[in-house]
Amino acid sequence: MSHVTTATLIQMKQQHEKIAVLTSYDASFTSLVEDAGVEVILVGDSLGMVVQGQESTLPVDVDDIVYHTQCVARGRRNALLIADMPFMSYSSAEQALGTAGRLMKDGGAHMVKLEGGATQLETVGQLTANGIPVCAHLGLLPQSVHKLGGYRVQGRDDESARIMKEDALSLEAAGAQMLVLECVPSGLAREISESLEIPVIGIGAGPDCDGQVLVLYDMLGITPRQPPRFVKNFMPGANSIAEALEHYVKAVKEGSFPDAEHSFK
Ligand SMILES: Nc1nc(=O)c2c([nH]1)NC[C@@H]1CN(c3ccc(C(=O)N[C@@H](CCC(=O)O)C(=O)O)cc3)CN21
Ligand SMILES: CC(C)C(=O)C(=O)O
Ligand SMILES: [Mg+2]
């Protein structure tokens, strides 16, 4: 596999080749994730929960993401490297530019990800205008867990589904080059994926997105707390971590993961 770019991913979408994404937080796992043929690696703020043992992603700092992005960048070979913008690090477009600059210049990220729809359009536009590729994130926004009142499936009623579709189109128009959809009904995720030119990566968003992402520790079955329903442990039936990663990539590529059991209707 040669270097993955935003152009590669658009092409994969056009050719209906599923995009395999995983989170990673250190160099050793990154090397294994690369060997398995994952196209995109995300240094997610989920590291707050799985690495730091926090209750939520809210306490994660920009320094934490910079540090882990540096670790991952040293193990990376070909994958596109995305870093999450932490909670309260992009409350204005100006602050977002500063944060993204650190994630890219100090961390070595190729793209930054931020949570939110209509409220983030100005920020997405400014980042894009400054040469910073942006991955948007709609549906369940873990940084808004206290506002949402828990980790719940989003876009279940007609009105919230309509708003999510509108937000997705607006984010693409503002310059976003990728979109993550988290915990949304499969039908809505399919509609959004079909409406956008940019790749849509699902997590708990059914089988019809352009790609899939999971938290690495969840798909290896080493997360202590009860994992969300959309998680599949790929260790059973594998003889090593490397083999479990290969099984994940194969399942995403052939469309057998996620199935109905790991999706929401
Ligand atoms: N280890 C880990 N895995 C993740 O996927 C993850 C994190 N941490 N931290 C940040 C967020 C939080 N996430 C979560 C956490 C819980 C659910 C959850 O329990 N969902 C219910 C849905 C209930 C409903 O509305 O029907 C479920 O049953 O899966 C979903 C996403 C996803 N992200
Ligand atoms: C689960 C993915 C999409 C994420 O945002 C994270 O790992 O923080
Ligand atoms: Mg995140």
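Mentor: The discussion below sets values against definitions, one term at a time. This is a predicted model, in which local features need pLDDT of at least 70, side-chain atom pairs count only at pLDDT 80 or more, and totals for chains, interfaces and linings use all residues. Residues are numbered from 1 along each chain as its sequence is written, while chains are lettered from A and ligands numbered from 1 in the order in which they are written.

Trainee: What is the mean pLDDT of the protein?

Mentor: The pLDDT is the predictor's confidence in each residue, from 0 to 100. Its mean for the protein is 98, and 100% of the residues reach 70 or more. For the complex, the predictor gives an ipTM of 0.96 and a pTM of 0.98.

Trainee: Why is Glu 182 called buried?

Mentor: A residue is buried if 20 or more other C-beta atoms, placed from the backbone, lie within 10 Å of its own, exposed if 12 or fewer, and partly exposed in between. Glu 182 has 23 C-beta neighbours inside 10 Å, and therefore counts as buried. This residue lies in strand β6 (residues 178-182); helices (H or I, at least four residues) and strands (E, at least two) are DSSP runs, numbered from the N terminus. An unreviewed UniProt entry lists Glu 182 under "active site"; such positions follow the numbering used here, feature names are shortened, and annotations may be inferred rather than shown by experiment.

Trainee: Which residues does Glu 182 touch, not counting residues up to four places away in sequence?

Mentor: Contact requires C-beta atoms, placed from the backbone, to lie within 7 Å. With those sequence neighbours left out, Glu 182 touches His 137, Gly 139, Leu 140, Ile 203, Gly 204 and Ala 205.

Trainee: Why is Gln 126 called partly exposed?

Mentor: Gln 126 has 19 C-beta neighbours inside 10 Å, so it counts as partly exposed. Its place is in helix α6. Residues up to four places away aside, Gln 126 touches Ala 93, Ala 96 and Leu 97.

Trainee: How do you know that the residues annotated as "binding site" gather at one spot?

Mentor: That annotation, from an unreviewed UniProt entry, covers Asp 45, Asp 84 and Glu 115. They span 71 residues in sequence, yet no two of their C-alpha atoms are more than 11.0 Å apart, so they gather at one spot. Asp 45 is found in the loop between β2 (40-43) and α3 (47-50), and is buried because 28 other C-beta atoms lie within 10 Å. Glu 115, in strand β4, is buried with 23 C-beta neighbours inside 10 Å.

Trainee: How many nonpolar, polar and charged residues has the shell around ligand 2?

Mentor: Ala, Val, Leu, Ile, Met, Phe, Trp, Tyr, Cys and Pro count as nonpolar, Asp, Glu, Lys and Arg as charged, and the others, Gly among them, as polar. By that rule, the shell around ligand 2 has five nonpolar, three polar and three charged residues. A residue is near a molecule if its C-beta atom, placed from the backbone, lies within 6 Å of it; those surrounding ligand 2 include Asp 45, Asp 84 and Glu 182.

Technical notes:
Contact = placed C-beta atoms within 7 Å.
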